[in-house]
Amino acid sequence: DFKNVGFNKIVNTESIKIYPNPNKGLFAISFNDSFLRQIFVFDRLGNLVSTFVSAENTINVNLLDKAKGIYFVKVLSDKGELSSKIVVE
């Protein structure tokens, strides 16, 4: 449940870029490393709308079939975790 998520270890935010923000439903998450990580996308109510497991340096996310609004991206890896807000216009 995203609403109860805590931060165990926050990753260096310079090593992760989420862009563009705001966007029209398509955005990318780029990493400076290639560690295995899990990516979760939640709507503003905390419902999981998308999930990925990847070691790629860039992951393209497609939310074109989702409603406009605020979403939250959570990235988990053995390096730590990061949560960020995304706006879909």
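Here is a quick briefing on the fold, the core and a couple of residues to look at. Keep in mind that this is a predicted model. Of its 89 residues, 37% count as buried.

**Overall numbers**

- The accessible surface of the protein comes to about 5,400 Å², and carbon and sulfur atoms hold 51% of that surface.
- Take the contacts with a separation of 6 or more: 55% of them join residues 24 or more positions apart.

**The three-stranded sheet**

- Three strands form an open sheet in the order S1-S2-S5, and the pairing is antiparallel.
- Strand S1 (16-19) and strand S5 (58-62) sit at the edges with a single partner strand each, so one side of each has no neighbour in the sheet.
- From one strand to the next, the twist averages 15°.
- S1 pairs with strand S2 (residues 26-31) through four bridges, in the antiparallel sense.
- If you want a specific pair to click on, Tyr19 has Ala28 in S2 as its bridge partner.

**The nonpolar core**

- The largest nonpolar core counts 16 residues, and Phe27, Ile29 and Val73 are the ones with the most contacts inside it.
- At least two residues of this core come from each of S1, S2, S3, S5, strand S6 (69-77) and strand S7 (80-88).
- As background, nonpolar side chains tend to be buried together in soluble globular proteins.

**A look at Phe40**

- Phe40 belongs to strand S3, which covers residues 37-43.
- Is Phe40 buried or exposed? Its relative accessibility is 18%, and the cut-off for buried is under 20%, so Phe40 counts as buried.
- Not counting residues up to four places away in sequence, Phe40 touches Leu48, Ser50, Thr51, Phe72, Val73, Lys74 and Leu76.
- One of those contacts, Thr51, is eleven residues from Phe40 in sequence, while the two C-alpha atoms lie 4.5 Å apart in space.

Terms used:
Residues are numbered from 1 along each chain as its sequence is written. This is a predicted model: local features need pLDDT of at least 70, side-chain atom pairs count only at pLDDT 80 or more; totals for chains, interfaces and linings use all residues. Side-chain values use heavy atoms; hydrogens and water are left out. Buried means under 20% relative accessible area, exposed over 50%, partly exposed in between (1.4 Å probe, protein chains only). Contact means heavy atoms within 4.5 Å. Two strands pair if DSSP finds at least two bridges between them. Axes are lines fitted to C-alpha atoms, for helices over the stretch in contact, and angles run from 0 to 180 degrees between N-to-C directions. Accessible areas come from the Shrake-Rupley method with a 1.4 Å probe; for residues, only the protein chains shown count as cover. A nonpolar core is a set of buried Ala, Val, Leu, Ile, Met, Phe, Trp, Tyr and Cys residues joined through side-chain atoms within 4.5 Å.
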